[in-house]
Amino acid sequence: MTTDALDLQEPTLGEVQTDGRLVGSETADLVFEIRNFSVDYGWGVGAVRAVNAVNLDVHRAQILGIAGESGSGKSTLVYAATRLLRSPGVISGGGVTLNLGKDDQGIMESVDLLKASEKELRKIRWSQVSIVLQSALNALNPVLRISKGFEEILKTHRPDMSKGERRARAIELLSMVGLDEDRLQRFPHELSGGQRQRIMIAMALALDPQLVIMDEPTTALDVVTQREIINELSDLRARFGFAMIFITHDLSLLVELADEIAVMYAGSIVERAPAGALYSAPRHPYTLGLLNSSPPLHGERRELEGIPGSPPDLADMVTGCSFHARCPYKMEKCVTDVPALVPTDDTGRVVACWLHSGDVGVVVPEPLSRLVAITPAKKFHTVSSTVKKVEEAS
Amino acid sequence: MQNDTTLGQLEARGLTRHYSMRASAGFFGPKRIVRAVDDVSLTLKAGRVTAVVGESGSGKSVLARMLARIIVPTSGELLLDGTAVPVHAKRTLAYTSQVQLVLQDPFSSINPVHRVRHSLERPLLIHGAKKNEVEALAAAALERVSLDPPARYLDRYPHELSGGQLQRVSIARALCVKPKILLADEPISMLDVSVRLGVLNLLRGLCDNDKLAILYITHDIASARYIADETIVMYAGQVVERSNGTGLIDEPTHPYTQLLIASVPDPADPTRAMPEKVDRLTQVSIAQKGCRFSPRCPHVMDVCRNNEPPMFDVGDGHVSKCWLHATSGEIVDVGLPETQRGGTITKK
Amino acid sequence: MSALKIPKSPKVLLGLIIVGFFLILTVIGPWIAPYNPSATTFAPNMTPSWAHWFGTTSLGQDIFSQLLVGARATMVVALLAGLVATALAMTIGIAAGYLGGPADEGLTMLSNVFLAIPGLPLLIVIDSYLPVADRSNEYVIGLVISLTGWAWGARVLRAQTLSLRNRDFVEASRIIGESRLRIMVTEVAPNLLPVLASSLLFTILYAIGAYVTLAYVGLTSTAVWNWGTMMFWAQSNNAPLAGQWYWYVPPGICIALVGTGLALLNFGIDEFINPRLRASGLTSRLRRRAGIPRRPRLGYTPVLRSARPSAVAKRLSTSSTK
């Protein structure tokens, strides 16, 4: 594992290396596998494809970020994969496997989520896979105290815990997310948005699941609370080693938080790469456009473009690459043929773009052919010193 | 489109809005005053974008509505083009035609049962356009927001348009009355990321080309940096820092601004210091006495807890409401720095 | 509004057919009636036969003709009462909801008063004070009925208006300088159409019941034929005891059918309001073939069992070779 020349501390558990893998994880265990997964809304002739043949792997202690805008299918993907998608959503193809861990003989125990019965799903829901919804702020029952929420979870899944043990566990969980024990006696409306979200995260971790899925958990929160929660999530991941899927439209946030990022557009994954590599050397024009859509905080002010046009209407699917109407590097082939996800180098990153298919005569434009920069290891633990000194002015 | 060549200016002095609420339910609870906006002064000038940055609860939306005069201030003055506006009287049509407000959610700010044409015709007719001119004026408004060709959009229903297009229609509707001053309350926060810059560029263009005075309210400080000629940071109803151009983002002097900037995801600078964790004694995030930010401030001093700080000048038209600058800066009371320096956007 | 589509749901279609049928009957009833309903020229108490489809009354009148002619008065009064009551409800409800303050309090108190007073006794009292000449005028009766039927709709519309007035587009209309009256009429009211339609249907239902009851207790003039009057005569001639079901059952069934039709139409409006119920093109045959249960349970997203890839999948997977 190479550290770079910028003279930083030795990486410790919880820090991410340049190639995106987590230091200190025992093995790159595969926790969640999604293969060729498709989801439609409706059936028959009028069906609209919301997710198209998606392949994803999530490893133990890895944070996989899924970035996309409206119509990308990012939320549909994870809800359908956990069989939580509402009607008229149906799963129209593929497979989803959750690996629960090796049993005594060393054989991997896994569950096929698409073939499981309702009873099996209920058993693994929350104890193996938990999900923090987009509207988690409103997911707490307003007439019950917070302690009741924890009680319900623990009573249902751990029936042999005593009342005292349950309470102790609830207090432990709250302290994990930085909340005091007295929050237990409150009602949801007495807490701020950030506190409620923290409680949802604590509940999601109550049973020590293998995989935690978060759907835009910080979108409704202010930037400062968002930062606190992101830092906490990283710490928790480092401590407990669960895998996490983090869905958001904020690509900059994912670059800072996630180990690997999958960018989705119109129901398909268009690029997947380690976070640092995606940021410094994007390969798909959409990724480049998204990165350029965030005005920078520093540096010279200059006019930026964003991406012309609007995110697609899934009911109105075009032929060929779904992005071609908005793509500045469109070629003839893009209008007629759908590009497949192909590797661009041997680090495992993939992109679905005809520019990178290796066709003869195709020159990759400069912004999409940069070299991957070596980025310093990320730090998520709060630093207690160097907030910019204010006395400079005097 | 702008026939009238006089430029507009809207000045607010000491705008304040208090709400009195009962702390607990019932008739007999103690009354509590919520100071939604407290003594805010600013000037919107033609050809300039003023950005107000704040989180929810900072009072920025109430401020915008007071400037648009759909909320009556508890105290304070408004001057339109130098003339005092009677804030407690009913809002006049003349004022409406000078000052317009664009709302945050494009999906709900346009009536879903009417076509786009109707939403554009109403402001035109209310403000004196003749029936036979209305079609042409509505089309011109759509062209001004780059919805070309207008015929394609006039007969659509809102649900047939995307968020970005709807927000442009919303801006076009505001432009129909030919205002000199355009207030935008978080105009891009509900749009997809890839279309946000288009709308921001549109606002900047309206400012540069048509010399509108624009107030841009946001919680996203990076977008404020992108288009602002003047930046104001609000916390708990008060202005805590103000500077021309991007001064306050490049060199934040108020601890709240520093916290904001350190919290924003910035992959370009991964080794920057993360915000300091402050050991909070209470859950309160806004103090009632003294500096409102003191419960969360890493540099809090005794004076902060007891006395509300005045605005200090920290140089170059940059002011900061923080006791840390008591020795270095002079007190600036009400009123804005007159310097017009600020960055302009250069095309690449 | 967007073009009206022929609804595909069988419930709504049935409702449309029933109500449509009776509306047609309202118009053509008196023309196609075989005999004069008041004519007592036939043999009394005849059971149904080819000459008299529903037999004759004890006075020798053809029941079938009474039914057909009676449809007009019944439906006209019901429609009139429904429309007037809904118009009242709309005015009072929307004004109360939008204006707020003392206007709201006053109007709400008014609707509460009318809600609290039991409708039928009030109707009977008002009716008994009417001069006899007016009692035979269906329009007056219709107006009287509407006076007791508007309050419920007003409350519903007020509640809806209260939630609508906080919507951004109402605020936006205020910002551009629209007057309050115009906002209520052109911005708020059109958004209430589904609720208004539903309220109208319910009020018509109520009006039919009220009118028939008034006729049944003899408070309307017997010169005008309607289904309620038929039952009044049947009752006062002891038709049930005499086993003359063909006298009082047909009008009863007609009333029930109209009511059912209106209720089914209301389902259609519910579907229109809630787009999720509008499963366009998702017929049950296709659904069964795809292996999806009728009502997929939350938390158990169905997995299509079709082996054939859908047309969508085929198109999307063309070309890419790698």
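# Notebook: chains A, B and C

I began with burial in chain A, where buried residues make up 48% of the 394 residues. This is a predicted model, so I keep that in mind throughout.

**Chain A, overview**

I looked up the secondary structure next. Chain A comes to ten helices and twelve strands. Then I checked how far apart in sequence the contacting residues sit. Taking contacts in chain A between residues at least 6 apart, I find that 64% join residues at least 24 apart.

**Chain A, the four-stranded sheet**

I traced an open sheet of four strands in the order β2-β1-β4-β5 of chain A. Its pairing is antiparallel. The edges are β2(A) and β5(A), residues 108-112, and each of them pairs on one side only. From one strand to the next, the twist averages 10°.

I went through the pairs one by one.

- β1(A), residues 30-41, runs antiparallel to β2(A) over eight bridges. Within this pair I34(A) has L56(A) in β2(A) as its bridge partner.
- β1(A) and β2(A) make a hairpin with six residues between them. In the turn, G42(A) has a positive phi of about 90°.
- β1(A) is also joined to β4(A) by eight bridges, again antiparallel. Here Y41(A) has G89(A) in β4(A) as its bridge partner.
- β4(A), residues 89-102, pairs with β5(A) in the antiparallel sense over five bridges. K102(A) stands opposite M108(A) in β5(A).

**Chain A, the eight-stranded sheet**

I then followed an open sheet of eight strands. The order is β6-β7-β8-β3-β9-β10-β12-β11 of chain A, and the pairing is mixed. At the edges I find β6 (129-132) and β11 (342-343) of chain A, each pairing on one side only.

β7 (residues 211-215) and β8 (residues 243-248) of chain A are parallel, with five bridges between them. The bridge partner of I213(A) in β8(A) is I245(A).

Which helix lies across β3, β7, β8 and β9 of chain A? I find helix α1 of chain A there, residues 74-81.

**Chain A, two domains**

I took the domain bounds from the assignment. It gives domain 1 as 30-265 and domain 2 as 283-296 + 308-368 of chain A. Over C-alpha atoms, the centres of domain 1 and domain 2 of chain A are 30 Å apart.

How many residues of domain 1 of chain A are in contact with domain 2 of chain A? I get ten, and they meet twelve residues of domain 2 of chain A. On the domain 1 side, β2 (48-59), α7 (251-257) and β9 of chain A each supply at least two residues. β2(A) gives the most, with three residues. I sorted that side of domain 1 of chain A by class: five nonpolar, three polar and two charged residues.

**Chain B, around G237**

I moved to chain B, which has eleven helices and 13 strands. Buried residues make up 50% of its 348 residues. Residues 24 or more positions apart account for 64% of the chain B contacts with a separation of 6 or more.

My residue of interest was G237(B). I find G237(B) in the loop between β9 (230-235) and β10 (238-244) of chain B. Why does G237(B) count as buried? G237(B) counts as buried because it has 24 C-beta neighbours inside 10 Å, and the cut-off is 20 or more.

I listed what G237(B) touches, leaving out residues up to four places away in sequence: R35(B), A36(B), V37(B), D38(B), S58(B) and G59(B). I also checked C176(B). C176(B) is 61 residues from G237(B) in sequence and 31 Å away in space, C-alpha to C-alpha.

**Chain C, helix α6**

Last, I looked at helix α6 of chain C, residues 138-149. This helix has twelve residues and reaches 16 Å from first to last C-alpha, close to the 16 Å expected.

Which residues of α6(C) are buried? I count E138(C), I141(C), G142(C), V144(C), I145(C), S146(C), T148(C) and G149(C). What covers them includes α2 (63-99), α3 (101-116), α4 (119-129) and α10 (193-216) of chain C.

Terms used: Residues are numbered from 1 along each chain as its sequence is written. Chains are lettered from A and ligands numbered from 1 in the order in which they are written. This is a predicted model: local features need pLDDT of at least 70, side-chain atom pairs count only at pLDDT 80 or more; totals for chains, interfaces and linings use all residues. The expected span of a helix is 1.5 Å times one less than its number of residues. A residue is buried if 20 or more other C-beta atoms lie within 10 Å of its own, exposed if 12 or fewer, and partly exposed in between; C-beta atoms are placed from the backbone. Two residues are in contact if their C-beta atoms, placed from the backbone, lie within 7 Å. Two strands pair if DSSP finds at least two bridges between them. Axes are lines fitted to C-alpha atoms, for helices over the stretch in contact, and angles run from 0 to 180 degrees between N-to-C directions. Domain bounds come from an automatic or database domain assignment. Ala, Val, Leu, Ile, Met, Phe, Trp, Tyr, Cys and Pro count as nonpolar, Asp, Glu, Lys and Arg as charged, and the others, Gly among them, as polar.
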